[in-house]
Amino acid sequence: MCGIAGEMRTDRGLADVAAVARMTEALAPRGPDGAGLFAQGSVALGHRRLKIIDLSNKAGQPMHDAALGLSIVFNGCIYNYPELRSDLEAKGYSFFSTGDTEVVLKAYHAWGEACVERFHGMFAFALVERESGTLVLARDRFGIKPLYYAETENALRFASSLPALLRSGGIDTEIDREALHNYMTFHAVVPPPRTILKGVRKLPPATTRRVTPDGTITDRVYWQPPYERRAADSGLTADDWRDRVLEALRTAVRRRMVADVPVGVLLSGGVDSSLIVGLLAEEGQTGLKTFSIGFEEANEEKGDEFVYSDLIARTFDTDHHKIFVPSENLIGALPDTIAAMSEPMVSYDNIGFFLLSREVAKHIKVVQSGQGADEVFGGYHWYPPLAASNDVVSDYARVFFDRTNETLRRQLGDGWMPDTDVSRDLVAERLMAPNAATPVDRALRLDSHVMLVDDPVKRVDNMTMAWGLEARVPFLDHELVELAATIPPDLKLASGGKGVLKDAARLVVPSEVIDRKKGYFPVPQLKYISGPYLEMVRDALTSQKARERGLFRKDYLEQLFANPADHITPLRGSELWQVALLELWLQTNRI
């Protein structure tokens with residue numbers, strides 16, 4: 001797990017090593033254990049290293065293989081790298097390190113861009129062919145590992161975070177109107193290739209990009225699972241599906257144990273993280289370190305779920321750590337939390353993951369986490385109403401969008417509203433694409449491959465890596481997701497959502513954590529904004545910078561300031577926090 005950066009000149013000029021060095025330095029929190037730079041002609045690569053596999057300097061990066069004529073910077077983990085290494089050795093390849101980076105490099109030489117189809121893991125990498133001068137970029141199937149880029153007239157720059165790209169200089173920081181519409185409509189999700197800034201884009205998940213020295217770009221999407229029933233599965237019972245899910249999840253958790261350092265768990269006390277703990281215990285892992293976080297109550301809304309995480313910790317005899325954050329500590333950590341965001345992310349979970357990761361990183365370098373289960377197995381409240389939908393686009397927008405296009409027109413400042421409802425158009429295109437059998441399948445596919453990537457997954461990567469902590473997400477094992485995509489929707493929607501997963505969990509964990517109201521990282525102070533939190537957001541939104549930008553109408557902001565608790569989105573988010581977070585992020589990044 002690391003941070004990568006680089007530049008490729010497309011005019012045959014020399015790469016700007018100083019710019020790559022600045023980007024690499026900005027990524028230091030992602031890789032506190034080592035750093036490296038490499039430049040040759042029109043290409044320069046930078047790397048920050050977090051030592052997880054092969055702790056020796058032999059696995060340092062940028063990594064080069066002179067005999068093969070390849071150089072690489074790699075971020076992530078390939079869980080099946082030992083098996084791939086054996087396959088490559090059988091082909092005659094020899095290795096100078098024992099880690100997964102060299103396996104990626106040699107897998108590319110052996111199988112070309114199709115090598116990514118053999119990888120079980122999370123990854124973003126940049127690879128340079130010495131002879132041709134071609135640059136190859138790649139991102140894992142769910143975009144668990146980020147990869148941002150900026151194109152100028154004569155160069156392509158890339159980095160693991162958007163703020164790192166800004167540090168390189170010369171980036172267009174004008175706000176993208178369509179991305180702003182996505183942010184305000186699609187619950188702060190800005191799908192690739194866009195970001196909130198016109199000058200920065202991101203490589204979509206499950207994509208490889210080939211860039212030749214003259215700047216010609218060729219993209220290839222290598223994974224698109226169908227969300228349809230298979231004829232061979234027609235005779236399966238609910239118990240059959242339960243058993244298949246449990247076995248696939250066992251494999252996913254086992255894969256993510258590979259490391260040369262201990263692996264812990266972020267334990268919320270919900271069914272997803274509890275099940276991971278139970279499966280690790282099944283694998284014989286003892287002394288497992290688990291971590292939970294809680295906040296002060298606000299507006300009679302509880303701020304922790306310790307009763308459930310404590311139960312799991314006792315059941316499986318884990319080395320459990322509880323972190324309680326008083327309100328006065330929460331507000332002090334918000335500036336650093338916002339600085340850790342590659343893009344503005346409105347979810348309250350950000351501060352929870354940031355503070356939790358800060359404490360976890362004092363004990364351990366790798367954790368497993370439960371993100372993805374709701375999107376993959378149908379755990380959210382907006383799925384059941386779609387089961388009988390005759391207009392999935394309208395019905396999805398009604399239950400998920402933060403506001404309608406007409407409402408947004410009354411809230412955005414002059415000149416910021418696109419000519420069309422770009423967010424609805426985007427969602428409609430994704431929902432109505434072929435190879436999804438039912439409205440629920442369409443929504444699950446959209447959420448798993450679009451919303452998940454640029455909300456929960458990005459949040460966990462940004463907040464954990466701010467402290468040099470690697471988070472692994474077994475529910476996003478691609479074989480598990482391929483299986484889940486074929487399961488009949490009614491089995492997922494049963495038992496109030498995630499029915500088939502809950503059935504599997506009953507064979508592993510206590511029923512108390514299964515048969516309860518769905519929870520999340522509650523941070524009531526950011527939902528019911530008052531006191532010093534209100535002062536903070538008012539200062540940001542009425543600052544000179546904010547007034548000059550004019551993103552939001554003054555009368556709309558005054559309504560939010562007067563009664564923040566009266567303006568809650570359909571997904572239980574604060575409208576005031578949403579608009580304030582965007583402005584705070586822009587100011588944090590000096591935009």
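Predicted model: local features only at pLDDT ≥ 70, side-chain atom pairs only at ≥ 80, totals over all residues.
Biologist: Is Ser-389 buried or exposed?
Modeller: The relative accessibility of Ser-389 is 12%. Buried means under 20%. Ser-389 therefore counts as buried.

Biologist: Which side chain does the side chain of Ser-389 join in a polar contact?
Modeller: Leaving aside neighbours within four places in sequence, Ser-389 is in contact with Asp-395 and Pro-439. The side chain of Ser-389 also reaches the backbone nitrogen of Asp-391, at 3.1 Å. The polar contact between side chains has a distance of 2.6 Å, and the partner is Asp-395.

Biologist: How many of the 13 residues of helix 15 are buried?
Modeller: Helix 15 covers residues 439-451, and its buried residues include Pro-439, Leu-444 and Met-451. Among the elements that cover them are helix 12 (392-400), helix 14 (422-431) and helix 16 (453-465). Helix 15 is largely enclosed by the rest of the structure, because the number of its residues that are buried is 12.

Biologist: How many residues are in the second, separate core?
Modeller: Phe-377, in the largest core, touches Val-245, Phe-475 and Leu-480, among others, not counting residues up to four places away in sequence. The second core is separate and includes Leu-180, Ile-338, Phe-561 and Leu-586. Its residue count is 79.

Biologist: Which strands stand at the edges of the open sheet?
Modeller: The sheet has 5 strands in the order 15-14-13-16-17, with parallel pairing. Each edge strand has a single partner strand, so one side of each is left without a neighbour in the sheet. The edge strands are strand 15 (319-325) and strand 17 (470-472).

Biologist: Which residue in strand 16 stands opposite Val-263?
Modeller: Strand 13 (residues 263-266) pairs with strand 16 (residues 366-368) in the parallel sense, over 3 bridges. Opposite Val-263 stands Val-366.

Biologist: Which helix packs on the sheet, touching strand 13, strand 14, strand 15 and strand 16?
Modeller: The direction of this helix makes about 140 degrees with that of strand 14 (289-295). The helix spans residues 349-360 and is helix 10.

Methods: Residues numbered from 1 in each chain as written. Heavy atoms only, no water. Buried < 20%, exposed > 50% of the residue type's maximum accessible area, 1.4 Å probe, protein only. Helix = DSSP H or I, 4+ residues; strand = E, 2+ residues; numbered from the N terminus. Contact = heavy atoms within 4.5 Å. Core = buried A, V, L, I, M, F, W, Y, C linked by side-chain atoms within 4.5 Å. Polar contact = N/O pair within 3.5 Å; in protein donor to acceptor, adjacent residues only side chain to side chain. Pairing = 2+ DSSP bridges. Axes fitted to C-alpha atoms, helices over the stretch in contact; angles between N-to-C directions.
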